[in-house]
Amino acid sequence: MKENLIDRRAFLKSSAMVGALGASGIGSASLLTSCAGGADKDAAAKNVPLKQPGTYYIPELPDLAADGKEIKAGVIGCGGRGTGATWNFLNAANGLKVTAIGDTFQDKVDSFAKDLKEKKGFEVQKFVGLDAYKKVIDSDVDVIITATPPNFRPIIFQYAVEKGKHCFLEKPICVDPVGYRTIVATAKQAVSKGLAVVTGTQRHHNRDYVASFQQIMDGAIGEITGGAVYWCGGMLWYKDRQPEWSDCEWMIRDWVNWTWLSGDHIVEQHVHNLDVWTWFTGGLKPVSALGFGSRQRRVTGDQFDNFSIDFEMENGIHLHSMCRQVHETDGGVHEFIQGTKGSWTSAGAHTIKDLKGNVVWKFDYEKSKADFKQHDPYTLEHVNWINHIRAGKVIDQASETALSNMYAIMGRESAYSGKRVTWEQMTASTQNLYPENIDLVKPMGIKGFGAKKEYVLPEFIPIAGKPSPNSKQTR
């Protein structure tokens, strides 16, 4: 019995090491250590670190970023998340301003410019059209904040880095393999240029998630053996087509419901939960994904309503991923990770239990409230970004988020096809969902978006609870 236990631990140790070393964009700091080999009788009762202190990143999260040089921002994408991210940025430090904004549509730009003028006194340059991003980046700005529909993110990031701009990229940052490879290559260029790049995976700046990550790295649950991640909630907003809208205008205004623009909700929304798994496991890559999904109640667009995916990791462990956007159903947005000594969950309060179900650690929310004034992770991600910029330090969150995006893309394609898909297949795939004939005026039809894929708008009848067109999107 003892001999078998030692062999198993040795296997887990070597598997975790191989998996971590192969992680995309994470580097040698991903090496997971093990409690196997030479352990004494009391090893099971001790927290043997998964990683040694100093080999992994813990963000500093003060309430406000340090003072320093004035930073001028350009905003690309003036919808709800773009404007929201801008106010998060402006609340994160002193000495910040917005000098240029851009969007595909005039009404979005005019509305945001008016808001900035009334609330902050900013006079901004305004740019409109599909090429507005270039004009914003080429203006006299130091940083860019982009929250366009996700399919546009890779080309915007690429152009911004070419021009030497620090970037805040809202998630997701790619929707297909071509976009994934663009992001990974551009992230390397950003590092070489000394740029700071932060993404909108705000759990990395949630105080409870950061503390939980620290506990797991300290060995509180032992070696990671599996997990499950969930985003199950109601349908997001949608836009009914207006008579004056072209094909393209309607789809961009209704972008969260179209796969070529959003990547489907497993990519657009569920990436948050997948990202927690990749973060806590040190960038562990999936070998394959096998899943299913369906469309039952969606009102517009061409996406699924639900996904259930089994990911097999390179060290043999499994992750179950489940997401759903259906009104009037029970929900749940959280993550669960199992280890050899216990488990962690973000459901409710962040908690760690031993194998008998006893709570051995829980995040102290009262202490956090006493120690800090700023608890909004949407603002804290900008605090961290600004501190890196003003200190002249590089940060690369794009590589990490690209890995999480690829998990989601693999899951989507497995569910769409009903086939098992592999990491090698997807990262080498030529799939590109960006339309060849994108045009804001001319008819585009509902065909021709992506690699040999036809998008046909079917007649789906919602069964329950048609959502309000004005319902607020949840990130």
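Buried here means under 20% relative accessible area, exposed means over 50%, and partly exposed is what sits in between, with a 1.4 Å probe and protein chains only. Asn 387, at 21% relative accessibility, therefore counts as partly exposed.

This is a predicted model, where local features need pLDDT of at least 70 and side-chain atom pairs count only at pLDDT 80 or more, while totals for chains, interfaces and linings use all residues. Residues are numbered from 1 along each chain as its sequence is written, and side-chain values use heavy atoms, with hydrogens and water left out.

**The chain overall**

There are 15 helices and 16 strands in the chain; these are DSSP runs numbered from the N terminus, with helices (H or I) of at least four residues and strands (E) of at least two. The chain has 475 residues, and 56% of them count as buried. Take contacts (heavy atoms within 4.5 Å) with a separation of 6 or more: residues 24 or more positions apart account for 73% of them.

Helix H11 spans residues 271-280, and ten of its ten residues are buried, so H11 is largely enclosed by the rest of the structure. Among the buried residues of H11 are His 272, Asp 275, Trp 277 and Trp 279. After H11 comes Gly 282, with a positive phi near 75°.

Helix H5 (residues 153-162) is mostly covered, with seven of its ten residues buried. That buried set includes Arg 153, Phe 157 and Tyr 159. Just after H5, Gly 164 has a positive phi of about 75°.

**H6 against H14**

Two packed helices are described by the angle between their axes and the distance between the axes. Helix H6 (residues 177-192) and helix H14 (residues 398-417) pack at about 165°, and their axes are 9 Å apart. The axes are lines fitted to C-alpha atoms, for helices over the stretch in contact, and the angles run from 0 to 180 degrees between N-to-C directions. H6 and H14 are therefore roughly antiparallel, a label used for angles over 145 degrees. Their crossing is left-handed, which is to say that the near helix is turned anticlockwise from the far one by less than a right angle.

On the H6 side, the contact is made by Pro 177, Tyr 180, Ile 183, Val 184 and Ala 187, and the H14 side includes Ser 399, Leu 403 and Met 406. The residues of this contact split into ten nonpolar, one polar and no charged; nonpolar covers Ala, Val, Leu, Ile, Met, Phe, Trp, Tyr, Cys and Pro, charged covers Asp, Glu, Lys and Arg, and the others, Gly among them, are polar.

**Some single residues**

| Residue | Relative accessible area | Class |
|---|---|---|
| Cys 167 | 0% | buried |
| Cys 232 | 6% | buried |
| His 204 | 7% | buried |

His 204 sits in the loop between strand S6 (196-199) and helix H7 (207-217). Leaving aside neighbours within four places in sequence, the contacts of His 204 are Pro 59, Val 210, Asp 275, Trp 279, Gln 397 and Glu 400.

As for Asn 387, it lies in helix H13 (residues 377-391). With neighbours within four places in sequence left aside, Asn 387 is in contact with Pro 62, Ala 65 and Ala 66. The C-alpha atoms of Asn 387 and Ala 196 are separated by 9.6 Å, although the two residues are 191 residues apart along the chain.

Technical notes:
Angles under 35 degrees count as roughly parallel, over 145 as roughly antiparallel, 65 to 115 as roughly perpendicular and the rest as oblique.
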